[in-house]
Amino acid sequence: MKEIRVALAGPPNVGKSTLFNMLVGANRFVGNWPGKTVDKYEGFFEHMEYSIRVVDLPGTYSLNAQTEEEAIARDYIITEKPDVVVVLVDAVSLETTLYLAVQVLELYDRVVIAVNKIDAALKRGIHISTEKLSRKLGVPVVGISALRREGLHDLVDTIIRVAEGLETVRRLKLDYKGLDYYAREIEHAIKGCPKISEYPLEWSSMRLLEGDAELERTLQHYCADALGLVEATRRRVEEGLGSPPSLLAASVRYSFIDGVVAESVTTTGVVKREVTERLDKILLHPVAGPLTNLGIILSVLIVTLTVNTGFPIKQLLELTGNSELAQVFEKYTISGLFSSLFDSLSNVLAEYLSGIRLPAFLVSLIVDGVIGGVGAVLTFLPLVFIVSAAFGFLEDTGVMARIATANHSIMRRVGLSGKSLMPLLLGFGCNVPAIMGTKILETDREKLIASLIAPLIPCQARLVVLLILISALPATPMAKVVALVSTYAYSLLLVAVVARVASTFLSHGEKPELVLELPPYHRPSLRVIWWFAWDSTLHFLKKAGGIILGLSVVVWLLLHLGPDGFTEDISSSIAKAIGEALTPLTAVMGIPHWQVALALLTGFVAKETVASTLTVITGTVDPVEAVQKLALTPAQIASLIIFITLYTPCLATVATFHTQFRRYKLTILLIAYEFAIATVSAVIVYQALNLMGF
Ligand SMILES: Nc1nc2c(ncn2[C@@H]2O[C@H](COP(=O)(O)OP(=O)(O)OP(=O)(O)O)[C@@H](O)[C@H]2O)c(=O)[nH]1
Ligand SMILES: [Mg+2]
């Protein structure tokens, strides 16, 4: 057992004792007035391989050591040097409570900030971006509600990461402008003074300049002559800058806090009570609830899909005979715009690079491999962004919490809580934000189960390939719609079955509880939605971007290297050899075509690549034509549809999953189980349809 010593500091009445009680299971005195805890109390709890010792410190507004409580809190931090100091701030009054946090951050470098009473803030329409706060302050910031036990998991994880040095915290250095000059003089005088040198030098010199009774006593005791200089310098500041240093320093801190708060807090109006009640009557109704929810989710999905890929509006336009309009429409969807942007970019670059006589193979590597890879990463960005923004909207308005509540009893049947619907639904857009979103779930088990099933939800990239394959089917429009709907239905059935199986194995039959309080409805704030979406996008870019880019280059190499080095002809490439080697596997599901095996292999990078590989191999431009050129039977196409929908999630998803759990066994399990399900399903579909003569 590894011991971690944690101190809870914070201004009076922020909820330190409440947090302490929740963490260690104690019953310290909690009440709604400041100054209840006057001494420090210790308790401990165990988490994984850690024994965590927690000290509940008395509340203090600052670290000035003017009252006994302040002295207790400050001495504890300075002399006991806890592994982590958790500074609590109050979400409802961030401006005033951040003062202490700033002071602690100037003094100490192993700090976690817990923004408590998030629940109360939300009720007042106050949103706090913990990411923004964290960036501005240079420390991890976790939003919690100690009273409702929300966010405590995350807090404990963060404490452990800071204690283990996995999370960097930098000591805060404010710009005290003119004061710095005087503080440096004091720094000079007290350097080497015993006892004082236990503190960071800049900190103690600034504190002495401001007037700190306790430090002055120490100075008097050990280096009395420096004290005279401190007093003289303080007077000089008053004369030179026109105000006492304590006032100047405090105003620097307050204006820093003002800036931080302005950037990370957004306030919105709260919707009136009667409207709230009426909405809840519908959204939480046992029957009307799930139905309305379904309607809301479908509309959100249709909007995001349309903006991204044109589906299903484009198909509707085509069906109604407006194929020209459909073309224009497709061109101006986000993926359309991106692909034309990248096409022109590669053309210009190819021309330029050939102009400066770069060898053909380098030109191709840069233009197709690298730019293609960057393109693959970038085309994901609007996808992740829009999906997250749409769901950020549902979450911010308070509708998402109703969806979770209304569907909790349905989700419980497969061993998940209603809350898991929030991340899982994101999966229809893209599996990456779905897996990232599972971190909002209560227990590690539920996070894992939800992340394991999320990749089975057909995402937009798969939808694109499905539409191509379905279009290539020689069938009536009605049969095509049936094919699409049944593919989705089958995927969702599998999601339910796998969730059930996984929860039987992982939770030993325990049913998850819904730990979710219904927040009030808000008018959504654009800024909050932007935070939510932008954060997911950046997260994706940082975590998965590099891997996708790297593998795109690898796939390029496989496609362009053959026995004689660089080749433009895919049929003499290493990739073809690999495709051929894999053909026995695809033959099992009825498709003994190396082109298909190769396309599926590249589809591992990103599912939509299946279509582009097929066009490259068959030398066509239109992917539907490419599929038709392979002369597959309906049974073969159906088998392919099922396989592509279910097999091994794309690289971005695998990368996200792996960074979330960091256990190779789990990542391999994810890839293997999906591969197995996909193969078995494809074989069955092929055999059945084949027998029926398709
Ligand atoms: N809404 C809400 N109230 C909370 C939360 N956590 C604590 N409180 C309330 O805040 C008040 C103060 O809580 P304490 O835990 O006594 O605060 P403290 O920081 O220990 O206060 P001192 O010991 O006086 O410094 C109590 O009324 C708690 O119920 C929370 O997450 N949400
Ligand atoms: Mg207390």
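Student: What percentage of the 694 residues in the chain do buried residues make up?

Tutor: This is a predicted model, in which local features need pLDDT of at least 70, side-chain atom pairs count only at pLDDT 80 or more, and totals for chains, interfaces and linings use all residues. Residues are numbered from 1 along each chain as its sequence is written, and chains are lettered from A and ligands numbered from 1 in the order in which they are written. A residue is buried if 20 or more other C-beta atoms lie within 10 Å of its own, exposed if 12 or fewer, and partly exposed in between, with C-beta atoms placed from the backbone. By that criterion the buried part of the 694 residues is 43%.

Student: How many helices and strands does the chain have?

Tutor: Helices (H or I, at least four residues) and strands (E, at least two) are DSSP runs, numbered from the N terminus. The chain has 32 helices and 10 strands.

Student: Among contacts between residues at least 6 apart in sequence, what percentage join residues at least 24 apart?

Tutor: Two residues are in contact if their C-beta atoms, placed from the backbone, lie within 7 Å. Of the contacts in the chain between residues at least 6 apart, the share joining residues at least 24 apart is 69%.

Student: Which residues have the most contacts inside the largest nonpolar core?

Tutor: A nonpolar core is a set of buried Ala, Val, Leu, Ile, Met, Phe, Trp, Tyr and Cys residues joined through C-beta atoms within 7 Å. The largest such core has 100 residues, and those with the most contacts inside it are Leu469, Ile641 and Phe643.

Student: Which helix gives the largest share of this core?

Tutor: Apart from this core lies another, of 59 residues, among them Ile52, Leu63, Tyr108 and Val112. In the core of 100 residues, the largest share is 10 residues, and it comes from helix α23 (residues 460-472).

Student: Is Asn116 buried or exposed?

Tutor: Asn116 lies in strand β5 (residues 111-116). The UniProt annotation "binding site", from an unreviewed entry, covers Asn116, Lys117, Ile118 and Asp119; UniProt positions are given in the numbering used here, feature names are shortened, and annotations may be inferred rather than shown by experiment. Because Asn116 has 28 C-beta neighbours inside 10 Å, it counts as buried.

Student: Which residues does Ile118 touch, leaving aside neighbours within four places in sequence?

Tutor: Ile118 lies in helix α4 (residues 118-123). It is buried, since it has 25 C-beta neighbours inside 10 Å. Its contacts beyond four places are Ala91, Gly143, Ile144, Ser145 and Glu150.

Student: Where is Val14, and which residues does it touch?

Tutor: The unreviewed UniProt entry also places a "binding site" feature at Gly10, Pro11, Pro12, Asn13, Val14, Gly15, Lys16 and Ser17. Val14 is buried because 27 other C-beta atoms lie within 10 Å. Its place is in the loop between β1 (2-9) and α1 (16-24). Not counting residues up to four places away in sequence, it touches Leu88, Val89, Asp90, Thr97 and Asn116.

Student: Why are the buried residues of α7 on the same side of the helix?

Tutor: The buried residues of helix α7 (residues 178-190) are Tyr182, Ala183, Ile186, Ala189 and Ile190. The arc is that of the directions from the helix axis to the C-beta atoms. These residues are on the same side of α7 because they cover an arc of only 110 degrees around the axis.

Student: Which helices do the buried residues of α7 pack against?

Tutor: Just after α7, Gly192 takes a positive phi of about 85 degrees. The buried residues of α7 pack against α8 (201-210), α9 (213-222) and α10 (224-241).

Student: What is the orientation of α9 and α10 to each other?

Tutor: In this pair, Glu216, Leu219 and Gln220 of α9 meet Ala224, Ala226, Leu227 and Val230 of α10. Axes are lines fitted to C-alpha atoms, for helices over the stretch in contact, and angles run from 0 to 180 degrees between N-to-C directions. The two pack at an angle of about 135 degrees, with their axes 5 Å apart. Angles under 35 degrees count as roughly parallel, over 145 as roughly antiparallel, 65 to 115 as roughly perpendicular and the rest as oblique, so α9 and α10 are oblique.

Student: Is Lys195 buried, partly exposed or exposed?

Tutor: Lys195 lies in the loop between α7 and α8. Its phi is near 75 degrees, a positive value in a residue other than glycine. With 13 other C-beta atoms within 10 Å, Lys195 is partly exposed.
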